[in-house]
Structure formats: structure tokens, C-alpha cells
Amino acid sequence: MTGRRISAPRVPSGKVLLQAPPELQAADGTSILSSMLPMLGSVGSIVMVVMMSNSGGNGARGMLVGGMFLLSSVGFVVVNGWRQRSQRQAGTLVARREYLAYLADLRKNVRTAASQQRRAGNWRYPAPSALPYLAEDRGRAWERSAVDQDFLTVRIGTCDQALCLELEPPELPPLAQLDPVAASAAHRFMLTHETQHDLPLPVALRSFARIEITGGLEETRALARAMVLHAVTMHDPDDLYLVVAAGDSALPEWEWVKWLPHVQSRQSSDRIGATRMVGSDLGALLALLPAEVRDRPRFGRDEAASILPHILVVIDGARVPMGNSLFDRGGGQGMTMLELPATWRELDNPNALRLALETPAGGPPSAQLIAMDMAPRRFAPDAVSVVEAEATARRLLPLRPRVEAAGTTSTASSRQEELVDLLGLPDVRDIDYDVAWAHRGERDRLRVPIGQTTTGAPLVLDIKEAAQRGMGPHGLIIGATGSGKSEVLRTLVLALAMTHSPEQLNFVLVDFKGGATFAGMAEMPHVSAIITNLGQELALVDRMQDALHGEMVRRQEVLRAAGNFSSVSDYEKARRAGRTDLAPLPALLIVADEFSELLSAKPEFADTFVEIGRLGRSLQVHLLMSSQRLEEGKLRGLDSHLSYRIGLRVFSASESRAVLGVPDAVQLPSMPGVGFLKSNTDELTQFRAAYVSGAPPRRVAGTAARSNTAISATVEVFTAAPVVEAAAPISPEPAAGDGAAGDGAGGAGAA
């Protein structure tokens, strides 16, 4: 696997039961009646007063007094009714506000869950436009393995999908009189959030023997390219083989797949390497597959999941041979045919899936997913142009050394590349540092190759923090005498110095075995100090602890004064965004060789190292410690901060286990610079570090000119079709005035 599997964002799950909206408060008839009883009693009093007044000859006064009694009684009833109605309205408003506030809080949680669901979907099934960047980044290319749940699933487009949280409507009593405002808000909440729009739609290749894409020719090819590109970007060539069978007129549309390692045959080769499994004769292409593939039984969904490599066969206008078990209605296990038929009929194959594309007049393309045991589903299909597909394929090619056919041997793993070749730089004598020190993006910052794996692929060490997809800010190297520990340190320091400007990175180099490890590096502009245990420099050791602590404090003060930045990364982003008042704040890498000797002489340094381990992540102060053996008692809490580890050859299994967790480092060859890299995962990667301590290689052209030996080269055209006949050799003239073997004396270390 080339990419380290990085965990996708977590998707929340579960049920959310909405609370019932509040009910309206019914009017209390008994209270109204009780308030009218005094008025009925007052009527009798009014009649009595009027009668007595009439009998006494003062009828007008009696009528006036009775009217006042009646008016006061009616006012009492009216005021009491208004008060009760106001209380009911106030209670309804309070309940409504509480319910709307409840929905507002719930809406925040649901939106957060929906955002996480969308992020996870886009992470697992990235849009086609993101695939070239994933291939260029190399961090996630070919990350899926057979143990992953999304293994052999590809994205086909986007569609509406249910929210990851199941929203359940509230349980309401019969004939409930709900507050209309609250009930309407609950209904709108359910309609708005229960469905999420434009989420990635995946299809499991191993669940279908045949996938048909029907519709217009251009649209079907664009979707087929998107599916193929997603499959080859996320899956290793050892787990997924690609075969393209296209008609003569359609072959130019698939010429771009020649760059993919997945299309290279393991059984046959031509003059330029492994034969590309691309052509018009599907029967001939089968001969390029391993024999066990051709003998596979009929397709079965349960069995197909465990059969590797999976074979993805794209059929675009090629003739399908009759009578072959791999292409009959059942298909073969561990094989999926992605077909672009010119004509089609009703789908009646239970092992087939149809993606029916439609192009409405004046509207975007739409499609329908159809299978016998699935309900039809509409989605917006993906589309990739030939240019985008080739750009991604070209980026994937360097990730895997040339695939050799059976019976041949590859020299990729035995050839040791020069460090400048791994870095993509010219001869060390010709490096233009204005170009080499150009600003590196966040992905490439503090990320350099330091050697090669056993397959010949570059071994990349990324010392950024894990949140920035690095291996961690602090690390450890352990190796016995003669294991090449010093060479690994020199290689790493030189690789970083040749690719990062002094404004991006500085070094503090500590060598407690006489200064031999970093000899000759003091003049590099990146180096702030080289501290050794030699007599004339021993005074610097006493000052180093105060200097490192002071640097940590200074960086915190700079971040606070610049605007309370939480990290140096945020500070640098603001500086690059136009904050001209901010000075560069380069990362600081402290490399301590033979730190065990340092801690023996100065035990108090352990506290400083622990402080760096604890605070260095946000301050971009990185620590790399090296020693012949790991003495955990001297680390005093620092061990938990050392995220990546390099184990070179050691003499005992216990020393290997202390560093790597396994005894494998004992079995490493005695060749210097060979070791294991263990990062955040439990995976060990064996590598051999590049050699930088010697003189640079002799210039080829200058050597040929002095020896009058002609160098011939054969230029072949790289095509998807097999290359059988050799092209005419080309004998270039030696470059005039090219440097001699000793030109620019000094090795890569002089860079």
C-alpha cells in the first residue's frame, strides 16, 4: 500500500425523537360561570333597591343605584374573562417559545451531524475533480485494502440520501389541539433535515458481475472514466487489475489508461515493459491475465468478496467472445464487466446493474440506477474528461515501480537512487536554490524522501503533526554501531535543507560523539548552532537549555503579540495572506545525536525535552533524538511524545521491541542505513537511506567524452498497444565543456 489509511470523519448515528408540540389551553367554562354567579345575586339586590326606592318616592335614585350595581357586576365578569384569556395566551406563548428554542438547539445538532455525514461521504468517495490532487498528494492513493468496509466501492455520482440520524415524529394523542405555530415549525424541521441533498453515491464492484452504462456515447464514457479513475486511485494495483477492450474507433478514447500500473500485465511484456491490457480482442486480453483468473468459477456475491485480485473489464464496442464462462450471464467470481452497450433491452440479470443516463433538453444530465433487487434510484452522474483522466493516471504511474512480467526480474529495489533524484533536483553541482527553495505548500512542508523501500519506491518522512497528515512532530532513531544512524541523520538534514529555505526551517544540531555526524554543515544558512561535547564547545551545552527554553517563550510571545494566534501554522497563513507586519517564523528542528550521553552528562535536559514534546506541536519546534540504544528511564515522560520511530539494526530483540514493538530490527542486514520506519500506525516499512557522505557521481557526458565511448539510446513511443519492433538507436554527441568527474568536489553534503 502506498497511502496510509487515514481515518475518515466519524458519522453520527442513532435516533432522534422529536418532542410533541405544545397543545392549546382550552377555555375553562366553569370559571366563567362562577364569575357570573355574583352578578346573578346582584340582580336581586338591584330589584330590591329599585322597589324600595319606588315605594319611598325616590325612584330615580333607586334606578341610578341599581344601574351602578348592574354595571359593576358586568364589569367584574368582563375583566375576569379578559384576565383568564390573557393568562391562556401568555401560557401558549411561553410554551411556543420553549418549543421553538428546543427546535433551534436540536437544529444545531442535526446540522452538525449532517455536516459530518457530508464530510465523511466526500472523504470516502471524493469528487472526480479531487482525484488528480489525491494522486499528486500520494498520502491517500491506494489506501484501501481488503479489510476496509469500502473496499472495491466506487463513486458514480451524487443523490439525495437520508440523514445519518433517524428523525422520528412525535407521538401525539388522538384529537390533540396543537399550537399551529409550533406544529408547523416541527413539520418544517422534519421536511428540511430528514433528507440531505447531493451526497456521494457509491456502488460496490464486487456485488455485480456486470455494470451497464446506457445513454449518449459521450456521457456514458465520461461516467465510465470517472468510475475507473476512482477505482484505480483508491486501490492498489496488486488488488485491482484493469482490462480495457474497446473497438477500433473507441481505442483512442482509452489511450490514457496506458499510464496506469493497474493495466500492466504480470504475464507478458514487450519492448518497453509489461504489456498493457488494452486492445480490441477481448479473448487475446484474457491471455494477459493470470491463469487462475481465467479458471475462476461463476459469479457469486458471497464468494466474490474474498477473491483477489479483482478484475475490472471495461468493454466499449469490443466483441465479446461467446462460450466463455467469464463473459456469460453469470460472469466470473472476482470480476466486474463495465460495459457501454450500443443497444440494450429489459434488465433481467440478477447479477447486473444498469446506470441509465438521460440528457434532458436544456438541463444537466441525470441518471437512474436500476437493478432487479433494488428500487430504482435517481442520481446526478459524475463525468471526467480524457484530459483529467490522463492527468490523474500520469500522477499514479510513479507510485509503483515498473511492473515486471512473470519470468523477469526487476532491478528497481536493488538500485540505490541518489538523494537529489529522490528529491527531484538536478545534479548537486547545478542546483538553483531560488527554485529549490520556492515556497512549499502545506502538504509538502517538512515532507521529504530519505531513502527507498524494498520495492524501490521513495520512503517519505513527514515530520508535521498528525493533524496536518504528518507522522508527528517528534521522533526517535535507534541503531547500533555501524548501522548507519549518522548517515540517516545527515540524509534527513540535507534533504530538508535542499528543499526548504531558511525562512521555512532552521536547525539546532547536537552531537555528543565528537561532532562527526554534522561535520561540514555549520555554514548552511539553516543551522542556528552545532553543539558538541568537545572541550572548546562544552560551554554551549550549559547555555543550550536556557536558549531552547527562551526560544519556546519567544515564540509564544510572538504569537500573542501578532494577534493571539493559536499556532505558528495560523501565524504563517496570515503572513502569506498579506500581513506584512509579520516576520517569518521558521520551524525549528532540534536533532540530538547520542542523546543518552547528553542526558547522562546533563540530566536536567530531560525536562527541557519534555517541554518541547508537550508544546512544540503548535510552536513548530520539532525534536529528533538518536542513540545507540533506548534507555527509557532517562526519557522521563518524553516517550509518549515520540510519534514516529526509526529502528536500524540492533543487537538484541529487547532493544528492537523497545523501539518498534517487534524484534524485527535484529534480522536487518548489516548494510548501513537499512532500517524500519514506524509512524502512527502499527505498520513497519523497511527502507534503505540514501548515501550522501561521498562525492557526487561522475557526470555521464563528461566521462563519455574523455573515453570516446559512444552512448546509444533507443527511443520507443509509449503506447497502449504492444511495442514489438525496435526503433532506431540514437547516439548523442557528448556535451561540450561538461564538467569532469571531480567537478565541484565534495558530495551532496556540500550542498
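Buried residues have under 20% relative accessible area, exposed residues over 50%, and partly exposed residues lie in between (1.4 Å probe, protein chains only). The model is predicted, so local features need pLDDT of at least 70 and side-chain atom pairs count only at pLDDT 80 or more, whereas totals for chains, interfaces and linings use all residues. Residues are numbered from 1 along each chain as its sequence is written, and side-chain values use heavy atoms, with hydrogens and water left out.

**View A. Salt bridge between Arg-429 and Asp-427.** Arg-429 forms a salt bridge with Asp-427, with the closest N and O atoms 2.7 Å apart. A salt bridge is a side-chain nitrogen of Lys or Arg within 4 Å of a carboxyl oxygen of Asp or Glu. Asp-427 counts as partly exposed, at 22% relative accessibility. The structure holds 29 salt bridges.

**View B. Salt bridge between Arg-221 and Asp-316.** The side chains of Arg-221 and Asp-316 meet in a salt bridge at 2.8 Å, N to O. Arg-221 belongs to helix H5 and Asp-316 to strand E10 (residues 310–316), so the pair ties together parts that are 95 residues apart in sequence. Helices (H or I, at least four residues) and strands (E, at least two) are DSSP runs, numbered from the N terminus. Both Arg-221 and Asp-316 are buried.

**View C. Packing of helix H5 with helix H9.** The axes of H5 (residues 217–234) and H9 (residues 386–396) come within 11 Å and cross at roughly 15°. H5 is therefore roughly parallel to H9. Axes are lines fitted to C-alpha atoms, for helices over the stretch in contact, and angles run from 0 to 180 degrees between N-to-C directions; those under 35 degrees count as roughly parallel, over 145 as roughly antiparallel, 65 to 115 as roughly perpendicular and the rest as oblique. In H5, Arg-225, Leu-229, Val-232 and Thr-233 meet Val-386, Glu-388, Ala-389, Thr-392 and Leu-396 of H9, where contact means heavy atoms within 4.5 Å.

**View D. Surroundings of Pro-365.** Pro-365 is found in the loop between strand E12 (352–358) and strand E13 (366–371). Its relative accessible area of 40% makes Pro-365 partly exposed. Leaving aside neighbours within four places in sequence, Pro-365 is in contact with Glu-358, Pro-360, Ala-380 and Pro-381. Pro-365 and Phe-379 are 14 residues apart in sequence and 9.3 Å apart in space, C-alpha to C-alpha.
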